[in-house]
Amino acid sequence: MSEFNKTDDEILSYAQSGSNKYAEKVIEKYRQTVEVIASKYKDSPMEREDLIQEGMIGLLAAIKSYRQDKGASFMTYAKICIDNSIQTALRKFSRQKDIPPQNVIEYQEEELPAESGHASAEDIVIAQESVSMLTQVLRENLSDFENEVLRLHIVGCSYNEIAGRLCKTPKAIDNALQRVRKKLTGISLQHKIRQ
């Protein structure tokens with residue numbers, strides 16, 4: 001079947017399988033939908049382009065998590081994910097805006113004591129290898145969904161924010177984090193036993 005004869009469902013299926021070419025086609029097709037939904041929030045404190053960007057994040061989440069067997073059309077599902085993503089960003093923006101300036105702690109580079117010097121090349125390589133090993137362990141032991149939930153949780157998103165971004169319920173996010181904790185505890189115990 002030629003590229004021009006593919007149905008929307010086939011294009012979406014290819015996009016979900018990891019084809020960037022087909023993901024771009026879905027994004028191109030739904031870009032206007034994202035812009036229309038973002039325009040509902042024209043009186044919000046966020047810039048229009050930022051709202052569109054958040055909507056695009058919601059669209060990408062919809063592409064990744066859509067299940068045809070659940071009964072809703074992709075268009076309906078995508079609209080919900082896009083809107084949830086924008087609303088989550090607006091809530092987060094409002095919370096940050098309400099933090100009094102005296103409560104904001106500026107980032108300062110920690111100065112190492114003179115006697116410790118700078119990290120050696122060996123220390124840097126060991127640290128990079130540790131991060132690489134941890135990433136590999138997470139990939140091997142957690143599902144894609146659990147990895148994404150963990151990543152968003154680590155960067156400070158609330159259960160509701162994660163649920164909005166991934167088009168899931170907060171209960172599903174809580175369940176995923178419980179599974180992650182159990183799996184990581186199991187990995188930690190296995191590591192101790194090997195030592």
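Biologist: Is Tyr14 buried or exposed, or in between?

Modeller: This is a predicted model, and in it Tyr14 is partly exposed, with a relative accessible area of 40%. The reading rests on a cut-off: under 20% counts as buried, over 50% as exposed, and partly exposed lies in between.

Biologist: Which aromatic pair does Tyr14 belong to, and how is such a pair read?

Modeller: A pair of aromatic rings is described by the distance of the centres and the angle of the planes. A search of the whole structure gives four aromatic pairs. In one of them, the ring centres of Tyr14 and Tyr22 are 4.9 Å apart and the planes stand at 25°, so this pair is stacked. Tyr22 is buried, with a relative accessible area of 8%, whereas Tyr14 is partly exposed.

Biologist: What geometry does the pair of Tyr30 and Phe74 have?

Modeller: Tyr30 and Phe74 are edge-to-face, with 80° between the planes and 5.1 Å from centre to centre. Tyr30 belongs to helix α2 (residues 20–39) and Phe74 to helix α4, so their pair ties together parts that are 44 residues apart in sequence. Tyr30 and Phe74 are both buried. Ring pairs also join Tyr30 and Phe74 with Tyr66 and Tyr77 in a cluster.

Biologist: Which ring has a charged end sitting over it?

Modeller: That ring is Phe145: the charged end of Lys168 sits over it, 5.4 Å from the ring centre.

Biologist: Why is α7 described as largely enclosed?

Modeller: Six of the eight residues of α7 are buried, so the rest of the structure largely encloses this helix. The buried residues of α7 are Glu161, Ile162, Ala163, Gly164, Arg165 and Leu166.

Biologist: Which residues does Ser85 touch?

Modeller: Ser85 is a residue of helix α4. Leaving aside residues up to four places away in sequence, Ser85 touches Glu54, Ile57, Gly58 and Gly164. Gly164 is one of the buried residues of α7. Ser85 itself is buried, with a relative accessible area of 0%.

Biologist: How many helices and strands does the protein have?

Modeller: The protein has eight helices and zero strands. Read from the N terminus, its elements run α-α-α-α-α-α-α-α. An α-helix has 3.6 residues a turn, so residues three or four places apart point the same way.

Biologist: What do the totals say about burial, contacts and surface?

Modeller: Of the 195 residues in the protein, 30% are buried. Among contacts with a separation of 6 or more, 58% are between residues 24 or more positions apart. The protein exposes about 13800 Å², and 53% of this area is supplied by carbon and sulfur atoms.

Methods. Residues are numbered from 1 along each chain as its sequence is written. This is a predicted model: local features need pLDDT of at least 70, side-chain atom pairs count only at pLDDT 80 or more; totals for chains, interfaces and linings use all residues. Side-chain values use heavy atoms; hydrogens and water are left out. Helices (H or I, at least four residues) and strands (E, at least two) are DSSP runs, numbered from the N terminus. Buried means under 20% relative accessible area, exposed over 50%, partly exposed in between (1.4 Å probe, protein chains only). Contact means heavy atoms within 4.5 Å. Rings of Phe, Tyr and Trp (its six-membered ring) pair if their centres lie within 6.5 Å; planes under 30 degrees apart count as stacked, over 60 as edge-to-face and the rest as tilted. A charge sits over a ring if NZ of Lys or CZ of Arg is within 6 Å of the ring centre and within 35 degrees of the ring normal. Accessible areas come from the Shrake-Rupley method with a 1.4 Å probe; for residues, only the protein chains shown count as cover.
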